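Here is a brief report on a single protein chain. It covers confidence, helices, the core, the surface and charged pairs.

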Amino acid sequence: MYTKVPREKSSLEQLYYTTKGLYGFFGSTGRSSIEVVQAGLLMAFYEHCQALHDAAYLTLGACARTGYVLGFDKTLSSDTHSDTHSDPVAESIAAKQRQVWWGIIILERYAFPGFCVMDEELQLIHQESQC
C-alpha cells in the first residue's frame with residue numbers, strides 16, 4: 001500500500017494559512033472596511049507571486065466586490081472631487097478610497113490580463129479615466 005508522508009509546512013506557509021483564515025473570518029462577519037480591502041489586496045498580490053493564481057483571483061474578486069459595496073468605485077468620478085474639497089478629512093478618506101480602488105484595478109490588469117474580475121461598469125470607468 002502506498003501512502004504519502006505529509007511534509008511539514010514552513011513557517012511562511014503557516015503564516016499564509018493563518019492570515020488567509022483571519023481574512024476569511026473578517027470577510028464572513030459582514031463588517032467591511034478599507035483596511036480589510038487593503039489586506040485582501042496584499043494577500044492577492046502575495047498569492048499571485050507564489051503562483052496561487054486561483055486563490056489570487058478569488059481574493060481579488062472579494063476585494064472588488066467589497067470595494068463596490070463600500071463605494072470606492074464612486075470616488076473616481078469628478079462630482080466626488082468637488083464635494084469633498086471643503087472638508088479636508090473627507091478629502092483624505094476619499095483619496096485613500098481612490099488609491100485602494102486603483103490598486104484593485106492595477107492588480108487585476110497586471111495579474112489577470114486575460115480575465116475580468118470586475119464588472120463591465122468598472123471597465124467603463126477605467127476607460128474613461130484613461131482619456
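pLDDT is the predictor's confidence in each residue, on a scale from 0 to 100. The protein averages 82, and 78% of the residues score at least 70. Helix H2 (residues 34-49) has the highest mean pLDDT among the elements, 94, while helix H6 (residues 120-130) has the lowest, 49. Helices are DSSP runs of H or I with at least four residues, numbered from the N terminus.

This is a predicted model, in which local features need pLDDT of at least 70, side-chain atom pairs count only at pLDDT 80 or more, and totals for chains, interfaces and linings use all residues. Residues are numbered from 1 along each chain as its sequence is written, and side-chain values use heavy atoms, with hydrogens and water left out.

H3 spans residues 53-70, 18 residues in total. Its first and last C-alpha atoms are 25 Å apart, close to the expected 26 Å. That expectation is 1.5 Å times one less than the number of residues. Buried residues (under 20% relative accessible area; exposed is over 50%, partly exposed in between; 1.4 Å probe, protein chains only) of H3 include Ala56, Leu60, Cys63 and Tyr68. Just after H3, Gly71 takes a positive phi of about 85°.

A nonpolar core is a set of buried Ala, Val, Leu, Ile, Met, Phe, Trp, Tyr and Cys residues joined through side-chain atoms within 4.5 Å. The largest one has 22 residues, and Leu60, Val100, Trp101 and Ile104 have the most contacts inside it. H1, H2, H3 and helix H5 (88-111) each supply at least two residues of this core.

**Charged pairs**

Side chains of opposite charge can pair when their charged atoms come close. A salt bridge needs a side-chain nitrogen of Lys or Arg within 4 Å of a carboxyl oxygen of Asp or Glu. The structure holds 4 of them. The table lists some of these.

| Pair | N to O distance |
|---|---|
| Glu47 and Lys20 | 2.8 Å |
| Glu91 and Arg98 | 3.2 Å |
| Lys74 and Asp73 | 4.0 Å |

Glu47 lies in helix H2 and Lys20 in helix H1, so their bridge ties together parts that are 27 residues apart in sequence. Glu47 counts as buried because its relative accessibility is 0%. Lys20, at 25%, is partly exposed. In the Lys74 pair, Lys74 is exposed at 53%, and Asp73 is buried at 5%. Glu91 is partly exposed at 22%; Arg98 is buried at 14%.
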